[in-house]
Amino acid sequence: MFIGIDDTDSKDGMCTTFICSVIIDELKHFGFNILGYPRLIRLNPFARFRTRGNGGLSFRLSVESEEDIKKVKEIVLKKVEELSELQDERTNPGVVFYQGEITAELRSYSMRVIRNIITIEEAEEFANKIGAEIFKFKKGRGIIGALAAIGCPDTDKTYELLAYRVPQNYGKERRIDHESVCQMNKATYPETFDNLDIDNCYVAIEPHTPCPILYGIRGESPDAVLNAGKMVKVYEEIAEARVFETNQHTDMHLIQINKISDMEKLKCYIIEGTVKDFPYTREGGHVIFTLKDASGEIPCAAYEPTKEFRDIVRELAPGDKVRVYGGIGEKGTLNIEKFEILEIAKIYETKNPLCECGKRMKSAGNGKGYKCPKCGTKLRDGTKDTIEVKRNIKKGFYEVPPSARRHLSKPLVRMI
């Protein structure tokens, strides 16, 4: 039996992973056997009604009788109702119970939720079609992600160890020894990743919201994250810790596409094109340039939170061929997650002619040629020199820092 839960996050701090963890503990207390790791599935980052975490949770357990099924449903629904902060207008939980195989049709639905915008009506219709049982709290928007979390393909996956705080510490400053995080990162990278953003003094395992999570360590295997967790020192009580199997940092949200003209808002893409113009810095520190191909063009942005990544984007020039990974928001701008420079264009600048003495000449006036400011030599019919400009950028991949990385975006360390 599969159980999916979503849309229980809130701006006041509640977290779907925590509710899922509590439910699993409760089911184990009543003797139910949980199969494998619970799954944390991140959904389309541009979903209009996303909650803070924008993730659906699912897990699988064995049931042997109708009485077992009834008891499981009773426990799950009671805990979702108790723990979800239903007073938050954004919190509209949904729970899905499914008994059956994970079919190609169900996997396809999950990929549509991760890459597109799906309505509650579509999710409900699909659930009825495959025989899944749904329960909606308030608007019940969570059924969309709950069903997706059950069927998500696991062709690429990572793991996250989440440690939870005791309730009396919710909202208080987290007491994590940052030096131990540095040592852990040094010992376990790249089997764990995105623990630190050293350049920006950002401890990435530590949430910056009042949620129940104390820290989260991401890695390539359950052993990697569990071993890393043993190295992190904290000065507060840990209520419990749990490993989740996830689609985080897999690029599962990205659609490979060949034409800029075929791109749509609220979706994420991999697209190749040519840089049309020199990047410029907009108010707020955002760096913008235009990407073009034979079908059209689109503005691309490295926003202020990407910090030093913007300096790399500023080095692009007209004619550079690039492959851009990112998503398109409501305003139609492609938000860059990373990019690859495929070809570097040659750019040139013109300078006054060089005098025999080695000094650059200066204009002697309109139509009067050039004169050397050092030795006085005059050049009546001289022309400007065309000189190739040295580029401060090389072919290859460039990515945003961990502090600005989306949940689904694959870091380069996982691509090598």
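Pro 190 sits in the loop that links helix H6 (178-188) to strand E7 (192-193). Keep in mind as you work that this is a predicted model. Let's start from that loop.

**Exercise 1. Find the peptide bond from Tyr 189 to Pro 190 and state what its omega is.**

Step 1. Go to Pro 190, in the loop between H6 and E7.

Step 2. Read omega for the bond from Tyr 189 to Pro 190: the value is near 10°, and the bond is cis.

Step 3. Now move on to Asp 194, in the loop between E7 and strand E8 (196-197). Phi of Asp 194 is near 55°, which is positive although the residue is not glycine.

**Exercise 2. Work out how H3 and H4 are oriented to each other.**

Step 1. Take the geometry of the two axes: those of H3 and H4 come within 12 Å, and they cross at roughly 170°.

Step 2. Apply the cut-off, by which angles over 145 degrees count as roughly antiparallel. H3 and H4 are therefore roughly antiparallel.

Step 3. List who takes part in the contact. H3 brings Glu 105, Leu 106, Tyr 109 and Arg 112, while H4 brings Glu 122, Ala 123, Phe 126, Lys 129 and Ile 130.

Step 4. Sort these residues by class: five are nonpolar, none polar and four charged.

**Exercise 3. Describe the packing of H5 (residues 143-151) against H4 (residues 120-130) in angle and distance.**

Step 1. The axes of H4 and H5 come within 9 Å and cross at roughly 45°.

Step 2. The handedness of their crossing is left-handed.

Step 3. Look at the side of H4 that touches H5: Ile 120, Ala 123, Glu 124, Phe 126, Ala 127 and Ile 130 meet Ile 143, Ile 144 and Leu 147 of H5. By class, this contact has eight nonpolar residues, no polar ones and one charged.

**Exercise 4. Repeat the analysis for H5 and helix H3 (residues 104-115).**

Step 1. Here the axes are 8 Å apart and the packing angle is about 130°.

Step 2. H3 and H5 are therefore oblique to each other, and their crossing is left-handed.

Step 3. From H3, the contact uses Leu 106, Arg 107, Tyr 109, Ser 110 and Val 113; from H5, it uses Ile 143, Ile 144, Leu 147, Ala 148, Ile 150 and Gly 151. The classes are eight nonpolar, two polar and one charged.

**Exercise 5. How many cavities of 30 Å³ or more does the structure hold?**

Step 1. The structure has one such cavity, and the largest cavity contains about 30 Å³ of space.

Step 2. Its lining consists of Arg 39, Ile 41, Cys 152, Pro 153, Asp 154, Asp 156, Lys 157, Glu 245, Thr 246 and Asn 247. E2 and strand E11 (238-246) each supply at least two residues of this lining.

Step 3. Finish with the classes: the lining of the largest cavity has three nonpolar, two polar and five charged residues.

Key: Residues numbered from 1 in each chain as written. Predicted model: local features only at pLDDT ≥ 70, side-chain atom pairs only at ≥ 80, totals over all residues. Heavy atoms only, no water. Axes fitted to C-alpha atoms, helices over the stretch in contact; angles between N-to-C directions. Helix = DSSP H or I, 4+ residues; strand = E, 2+ residues; numbered from the N terminus. Left-handed = near helix turned anticlockwise from the far one by under 90°. Contact = heavy atoms within 4.5 Å. Nonpolar A, V, L, I, M, F, W, Y, C, P; charged D, E, K, R; others polar. 1 Å grid on protein atoms, 1.4 Å probe; cavity = no way out; pocket = protein on both sides within 12 Å on 5 of 7 lines; lining within 4 Å. Points joined across faces, edges and corners; volume = space filled by probe spheres on them. Parallel < 35°, antiparallel > 145°, perpendicular 65-115°, else oblique.
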